[in-house]
Amino acid sequence: MSKTRKVGFTETVLRDANQSLIATRLPYSKFEPILETIDKAGYYSAEVWGGATFDVCLRYLQEDPWDRLRKIRAKMPNTKLQMLLRGQNILGYKHYPDDVVRKFVEYSIKNGIDIIRIFDALNDVRNLKVAIEETVKQGGHASGTICFTTSPVHTLEKNVQMVKELKQMGVKSICIKDMAGIMGPKESADLCKAIKDAVPELPLVIHTHCTTGLAFMTCLKGVEAGADVIDTAISPMSGGTAQPATETLAYALRSLGYQVDLDDKVLIKMADFFKGVRADFIKDGTLDPISMATDTQCLNYQIPGGMLSNLISQLKMMNAIDKLDEALAETPKVRADLGYPPLVTPTSQMVGSQAVQNVLAGERYKVVGKEIKAYCRGEYGRTPAPIDPAIQKKILGDTPVVKGRFADGLEPEFDKTKKELGATAKCDEDVLSYIAFPQVAMAFFKDREAGFPKKDAPMKAAGAASPAAPKASDLPPMPAWQGHVYYANVPASASNGVTARPIQPFAASYQPPHLVMSARDNCPGTYTITIDGKAYAVSVAAADGPAPTAAAPVAAAPVMAAPAPAAVSAPAPAAAPAPAAAPAAAPAAGETAVNSPMPGNVFKVECKPGQAVKAGDVLVILEAMKMEIEVTAPVDGTVKSVAAAVGTAVNTDDLLVTLG
Ligand code: CO
């Protein structure tokens, strides 16, 4: 090197490392004593807010996230405070109207944020524009972010093009966000070089995770290729699913001749402090040693670790683990069909789940989740490559595709919500908390009003507090978050006394989506069915005569379900291997067999023998892939017999109910 180049560090211990290792369960009171020390370390920035911190504060920690931010700001006047924002989705997965995005950005900056790292799961810059614009307007530093992924369409040119667009929008830096730790040193070097060549004046940041063990090399090669800043975590809270260690990279980069302006004495104090924090979280079970380990399996399959274990757990749940190879082979095909979305929450769950469905249903896209349908409509944004037109047609039928940006069709929400909330919201920040997490924020407001329920330990969350009144911490587990290790806090009563345990996105942490299923191929026909006041266009197996032939039993027209309860309350597979229900027998003349559309467990039986039912009435609810799937009556009739028993496993085409 001709001259010493400076490398900046972003400390992630209070946000991403906290989120990745201990499900964001670090309460303010626990880290307050170290804030003034962190402030003296000489970081480029400290990532302290956004991501899951907001939701967890409200849901589990009895903390107002805005108040947390103000307190951190007061204790850390010298360090740039940074947050993670999901563009038009703010902190979740839903698209919010522009006025809400703008208010959220405005108040984040007003309450102390300097740098907002803004990303979109599909890298659709239209979903970043408003947040970037508002950040710039409010005097903040917008960091334009690329979600790293590999595919035939994610070329260096495409990334460079995105970076140029971000620059046009006014970002002050670029971040490569490798949420799954799958970016290797080679990709890092190539991408950093290409980006620095294209926009040399913008600082370039590398964000990765140690999950696969590549992170140190990825950071180093990235720095060599021109990256200016790396995300790291203080050593006791580093590694595994979190970021590489601050001290290690500082040491290595210095020894290679780079300028690192971190104060080692301060880092030692920080490390001592967080060793204690780590010990406490290991002791109470929040920090699982598995999240500290290196997992290279996803390098073999080129899919994020969380997604792989998700596939395995889904297949196990359906007694179909023997189909793993098929599901693994199907996954990249589904991703290609869908236009190569980056594999980050929620698209990683959607792609994985669809691959499993395609394999288990024996026909591709016969069973399609509501999210995939919304994705194909364009509700998530522009896909990196076009969706396969034939598959899009099969999934959508005549449903129109969204033109332009989804949020363009959304009505302003802030003033309306503020009015509705009235005195419940004490300030505009409360209104934003409510818009972001309505149920959780409302419970939080009530708890706050009543004085928070006593917690038996500062770090224990759901299930730990007294059982008296409904509390924010009793709410269902939070949604999965951006490809990290997922945890759910599970009420002790519901899960063998375990308070917090690692789970996969489709288990307790994933909001179970609705499910729309297409007709059985032998009896096509499209109908509109109304359930709970909502009309659903579904393909229904039509009875083609009063007496279906034995060879072609009329199948149920499974429709969609209400959101499933938290997965932890879903029935566990029966203790003893549940006997499969009787295989479909040929129904007698005048009878209609309602068969299971897919493998799963019988969650509820909603009908009794002798009961009169109308076409579309729910007969049985299956629980499969952590979703509830309603099996409805295909025709009007009377329930003759019920073969389905709650808690039993059923396979595709097993008889559930016979209608007479
Ligand atoms: Co991350």
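Two strands pair if DSSP finds at least two bridges between them, and helices (H or I, at least four residues) and strands (E, at least two) are DSSP runs numbered from the N terminus. The structure is a predicted model, in which local features need pLDDT of at least 70 and side-chain atom pairs count only at pLDDT 80 or more, while totals for chains, interfaces and linings use all residues. Residues are numbered from 1 along each chain as its sequence is written, and side-chain values use heavy atoms, with hydrogens and water left out.

**Figure 1. The whole chain and its confidence.** The chain holds 21 helices and 22 strands, and of its 660 residues 60% count as buried, where buried means under 20% relative accessible area, exposed over 50% and partly exposed in between (1.4 Å probe, protein chains only). Its accessible surface, from the Shrake-Rupley method with a 1.4 Å probe, comes to about 24800 Å², of which 56% belongs to carbon and sulfur atoms. Among contacts (heavy atoms within 4.5 Å) with a separation of 6 or more, 74% are between residues 24 or more positions apart. The pLDDT, the predictor's confidence in each residue from 0 to 100, averages 81 over the chain, and 78% of the residues score at least 70. Over residues 479-584 the pLDDT is below 50, although this stretch has 290 contacts in the model beyond near neighbours in sequence. Where pLDDT is low, the predicted coordinates should not be read in detail.

Figure 2. Strand β2 (residues 45-50) is mostly covered, as six of its six residues are buried.

Figure 3. Helix α5 (residues 98-110) has 13 residues and reaches 18 Å from its first C-alpha to its last, close to the 18 Å expected at 1.5 Å a residue, the expected span being 1.5 Å times one less than the number of residues. Its buried residues include Val 100, Val 101, Phe 104 and Tyr 107. The helix is followed by Gly 112, whose phi is positive, near 130°.

**Figure 4. Gln 349 in helix α15.** Gln 349 is found in helix α15 (residues 347-361) and is buried, with a relative accessible area of 1%. Its side chain makes a polar contact with the side chain of Ser 348 (3.0 Å); such a contact is a pair of N or O atoms within 3.5 Å, where, within protein, one must be able to donate a hydrogen and the other to accept it, and residues adjacent in sequence count only if both atoms are side-chain atoms.

**Figure 5. Val 402 in the loop between α17 and α18.** Val 402 lies in the loop between α17 (389-396) and α18 (414-421), and is buried, with a relative accessible area of 18%. Not counting residues up to four places away in sequence, Val 402 touches Arg 377, Gly 378 and Glu 379. The C-alpha atoms of Val 402 and Ala 374, 28 residues apart along the chain, are separated by 9.4 Å.

**Figure 6. The open sheet of four strands.** Four strands form an open sheet in the order β15-β22-β20-β17, with antiparallel pairing. The edge strands, each of which pairs on one side only, are β15 (592-595) and β17 (612-613). Two bridges join β17 to strand β20 (residues 637-642), and Val 613 stands opposite Gly 637 in β20.
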